[in-house]
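Let's walk through a structure together, one feature at a time. Have a look first, and then we'll talk.

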Amino acid sequence: MANVDISWQIGGPQGSGVETAANIFSRVCARAGYQVFGKREFYSNIKGEHSYFTVRVSDKKIHSNVNDVTVMVAFDAETIFRHADELVSGGAIIYDSDIENIETKDVHTLDAYFRSRLHKYLDTKKKNYTVSGLLDLIKENGVNLYPVSFRGILDGLAKDTNNPKLKGMIRMFNVLGVSISLGLLHMSSKQLFESIELIFGKKQKIAEINKQLANYAYNYATAKFPNFKHSLAEISKQSDTILIQGHQGTAFGKMICGCRFQAYYPITPASDESVFLESHEILEINEDRPGSTVVIQTEDEISAIGMTIGSALTGTRSSTSTSGPGFSLMSESLGWAGINEVPVVITLYQRSGPSTGLPTRHGQEDLMFAINAGHGEFPKIVYASGDIEESFYDTSKCFNFSDIFQVPVIHMMDKFLASSVVTCKRLDPTKLKIERGKLLDKIDTNDYKRFAHTEDGISPRSKLGLENGIFWNTGDESDEFGHITEDPVVRLQMMDKRLSRFSQILKDIPKEDQVVSSGTQEYTIVSWGSTKGPILDAIDMLKKENINVGFLQIKLLYPFPTDLVKSFLKNVKTIIDIEANATGQLGLLLKQNLGREIDHHVLKYTGRAMTCTEIYDSIKKILANKEQKKVILTHGA
Amino acid sequence: MVLKLSDYKTEVHNDWCPGCGDFGIVNAIQMALAEMNIPKHKAAIFSGIGCSGKTSHFINTYGVHTLHGRVLTFAQGAKIANPEMTIVAAGGDGDGLGIGAGHFVAAGRRNVDLTYIIFDNGVYGLTKGQASPTLKLGEKTKSLPTPNTNYNVNPIGLAVASGFTFVARGYSYDVRHLKDLIIAAINHKGLAFLDVLQPCPTYNDINTRDWYAGTEPTDDSAIQTHARLYKLEDTGYDPVVHYSEEAELNEKLSQALIKSLEWGDKIPLGIFYKNEIITEYGRRLADKIPNYLENPPVMQKISSNGKPITDISKLLDSLQV
Ligand SMILES: Cc1ncc(C[n+]2csc(CCOP(=O)(O)OP(=O)(O)O)c2C)c(N)n1
Ligand code: SF4
Ligand SMILES: [Mg+2]
């Protein structure tokens with residue numbers, strides 16, 4: 001069987017189990033041997049607002065979502081109103097037949113802006129403002145409709161099992177929807193039951209009822225809808241595949257690299273990582289007693305970074321994790337860590353701003369802010385990961401950089417990464433090294449100076465509690481002991497000592513960790529962070545049409561690897577900058593550091609992540625029309 | 001090795017104004033450390049920003065002069081990572097009760113085992129005498145253009161209400177008594193708060209040394225008597241919560257609050273409240289991480305020959321498809 005590449009989507013009110021359904025679906029597909037790329041979109045709300053999950057499934061490696069949806073599950077009207085037009089011809093919608101007559105005005109979570117756009121659209125198509133209006137329309141576009149009475153199924157099961165309680169269990173609509181989808185897609189039911197068991201885990205009773213329902217719904221679908229043309233048969237599974245969620249990459253990275261202290265204040269999309277760390281706070285250590293990650297929920301982000309620095313001063317690998325609003329609060333302390341040469345790692349899960357912005361939506365808007373955070377001039381590292389798998393290895397590298405160069409490191413992540421669920425190769429901790437730089441375990445002499453001038457500008461580092469290692473820290477300028485000074489000569493020496501770190505960093509971080517090139521071409525994309533996935537997939541799509549586009553993923557963003565990037569771009573005629581922000585921040589950096597203008601920008605700032613389809617389309621547009629200087633992407637509800 | 005008082009002093013030039021109450025507090029901290037014979041490398045003084053913030057540079061232990069208002073955050077992080085350290089946090093009243101007030105309250109709830117000393121001078125010394133949170137409503141110290149328009153915060157009351165488990169007040173010119181309070185605070189298992197009345201001769205012309213002495217400025221001989229100040233321990237006051245009973249706890253809390261309201265002619269010094277029944281934060285951590293106290297973050301081995309030794313294979317197994 002060749003070339004499976006389908007996209008499945010489920011929508012529903014927040015709190016209705018959309019995520020669980022998507023988890024089951026993703027797991028089933030992954031266990032059946034497929035590669036999976038799933039992404040969750042949700043409102044800043046707990047119950048009631050619309051959320052949806054899109055899972056792309058393929059027999060080849062995939063890195064992103066596409067625009068088109070092949071199979072959609074809708075157990076509420078809003079999902080149909082918002083997403084029906086994403087379905088492709090030949091695709092399918094499984095929906096609750098009880099909602100056909102619902103009008104747009106009945107759905108109070110359908111905001112006025114969207115409603116009026118939808119009405120205009122329906123007017124042009126001469127359809128009425130109901131679920132059936134939209135269903136008619138997509139049917140005309142070649143989408144197959146699969147009405148299922150969700151309540152009818154529950155009733156049927158209640159009767160079959162002689163358990164009238166099941167009738168009202170509309171909370172199980174999610175599992176019902178997945179099961180019908182899998183039946184429709186000719187997937188074997190074995191994986192379905194196993195996945196339900198895994199996901200409901202310890203709640204044996206709930207797992208049992210859900211399995212009964214899954215069985216019933218699955219059989220219903222296979223009997224009633226046997227002819228759907230897309231199919232997901234089991235294929236040979238690649239060994240060593242895991243299904244991992246966005247926040248787990250950095251969390252596992254922290255566990256492995258020996259981060260033993262994390263302080264945080266709750267914020268989307270960063271806190272999942274901290275909660276995960278705390279849920280697994282006790283760690284198994286090879287040939288030693290158990291270790292632990294102490295996770296502290298603080299009163300605010302100022303406290304989170306303060307505690308992190310305090311802990312780092314004891315020699316403990318320490319970090320905090322936050323998003324834009326929290327990072328804003330941390331910036332004064334960042335400078336303190338800078339002037340005192342304290343290694344701390346700040347994992348920055350970006351979301352869209354400014355201010356609270358779109359609190360649960362995606363953005364890569366904080367690059368310039370991260371680079372410039374904190375007043376005054378001091379060394380730091382800003383480093384960005386392109387996907388979840390990378391983020392695991394990068395976390396470890398960030399801690400090494402931080403220890404070696406004795407600087408704060410800002411590890412850039414974002415909402416797109418955080419709310420993705422993907423298959424990837426099992427993470428391999430044996431690939432990692434732990435390098436702690438000039439951290440001392442013992443000092444024999446009694447003339448220790450924390451900020452002693454050395455040949456390479458980096459001083460041996462003591463830690464609180466070490467005998468003979470007493471030092472002072474201060475946010476004021478200080479001498480080699482760490483005592484306050486305002487002497488102009490010492491000031492100059494100390495500034496130069498700290499700032500010499502920039503060239504050290506560029507010299508000592510391996511080139512392949514600074515910039516990743518997938519080959520440069522006449523047209524070459526430059527980007528950073530999570531755009532990597534959709535860019536790689538778009539490049540693949542273009543390759544099939546014999547269009548070759550290059551790609552430079554810049555991971556080290558500060559200090560900027562000017563010479564390295566310059567050498568890569570030497571023969572590149574046209575640079576296309578792709579970023580999830582409105583001002584093209586990486587483009588600005590390129591201009592600032594290389595003196596080179598960006599030829600074309602592809603930007604997205606709707607708060608929704610890019611799909612590979614969008615990037616593919618925009619590159620085609622640019623190739624067709626050189627005057628197309630800027631393409632703004634807008635896909636996604 | 002027995003350490004001398006001089007071992008705890010640095011040679012850093014002290015630039016406080018002559019007659020500043022801060023000198024007495026630094027002396028008392030050094031005397032307490034010496035009396036307790038705490039190895040220098042096992043102690044760390046964290047400080048905030050202000051005149052008082054310079055304290056850490058004058059003491060020959062680890063010294064961490066942090067940011068304005070943030071001293072408790074740094075100090076707690078260090079103590080949690082390395083529970084073996086004796087940690088004293090010090091800072092101004094503006095630092096701890098103004099810009100840092102949120103951390104003050106949160107720290108009380110956590111009850112990390114450290115000592116926090118506020119240098120209570122009623123003014124923002126280092127920024128030239130603006131009103132601090134402890135200055136009374138309507139008072140006008142000499143560099144205020146107009147009388148203070150804010151009601152004052154009650155540091156002792158706030159500490160009691162926030163969950164600090166040791167709450168006391170000292171006076172910077174009664175160094176021996178202050179030293180004893182610091183020792184008691186350090187020995188206390190939990191978060192100890194010391195409100196130290198600290199005359200600022202440069203900017204606070206209301207709560208001066210003479211005012212505390214209850215004398216006319218010229219009457220030199222009376223200065224040592226501190227007539228306005230009295231010691232709770234001299235009155236048979238029992239600050240300690242002895243039993244795990246709500247009634248007793250409430251009684252001890254309310255008596256501390258009532259005492260905290262005394263001001264003017266009779267100002268109490270000494271221990272207002274002490275409760276070792278409420279568990280200290282490290283013990284709370286040990287409840288969920290059983291070997292936290294023996295194997296805290298700072299003790300943990302994380303690598304062997306440069307390779308990680310943490311085993312996450314079980315977690316990865318659970319993600320395996
Ligand atoms: C964020 C920030 N805002 C303002 C200041 C300026 N500043 C320095 S010291 C100080 C007040 C100090 O008063 P207090 O904490 O009472 O200490 P004191 O000097 O009286 O000992 C202020 C506002 C600063 N350092 N940082
Ligand atoms: S201004 Fe006041 S508090 Fe500051 S050093 Fe001078 S006397 Fe002391
Ligand atoms: Mg003050």
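Q: Which residues surround ligand 2?
A: A residue counts as near a molecule if one of its heavy atoms lies within 4 Å of it. Here, Trp16(B), Cys17(B), Cys20(B), Cys51(B), Asn121(B), Gln198(B), Cys200(B), Pro201(B), Thr202(B) and Tyr203(B) surround ligand 2.

Q: Before we go on, what am I looking at?
A: This is a predicted model, where local features need pLDDT of at least 70, side-chain atom pairs count only at pLDDT 80 or more, and totals for chains, interfaces and linings use all residues. Residues are numbered from 1 along each chain as its sequence is written, chains are lettered from A and ligands numbered from 1 in the order in which they are written, and side-chain values use heavy atoms, with hydrogens and water left out.

Q: How do I read the classes in the shell around ligand 2?
A: Ala, Val, Leu, Ile, Met, Phe, Trp, Tyr, Cys and Pro count as nonpolar, Asp, Glu, Lys and Arg as charged, and the others, Gly among them, as polar. The ligand 2 shell has seven nonpolar, three polar and no charged residues.

Q: And what surrounds ligand 1?
A: There are 17 residues around it, and the closest are Cys51(B), Ser52(B), Asp93(B), Asp95(B) and Gly125(B). Chains A and B both supply residues around ligand 1, so the site is shared between chains. By class, that shell has six nonpolar, eight polar and three charged residues.

Q: Which element gives the most to the shell around ligand 1?
A: Helices (H or I, at least four residues) and strands (E, at least two) are DSSP runs, numbered from the N terminus. H3(B) gives the most to this shell, with four residues.

Q: Last one: where is Glu139(B)?
A: Glu139(B) sits in the loop between strand E6 (130–131) and helix H5 (155–162) of chain B. Its C-alpha atom is separated by 28 Å from that of Ile271(B), 132 residues apart along the chain.
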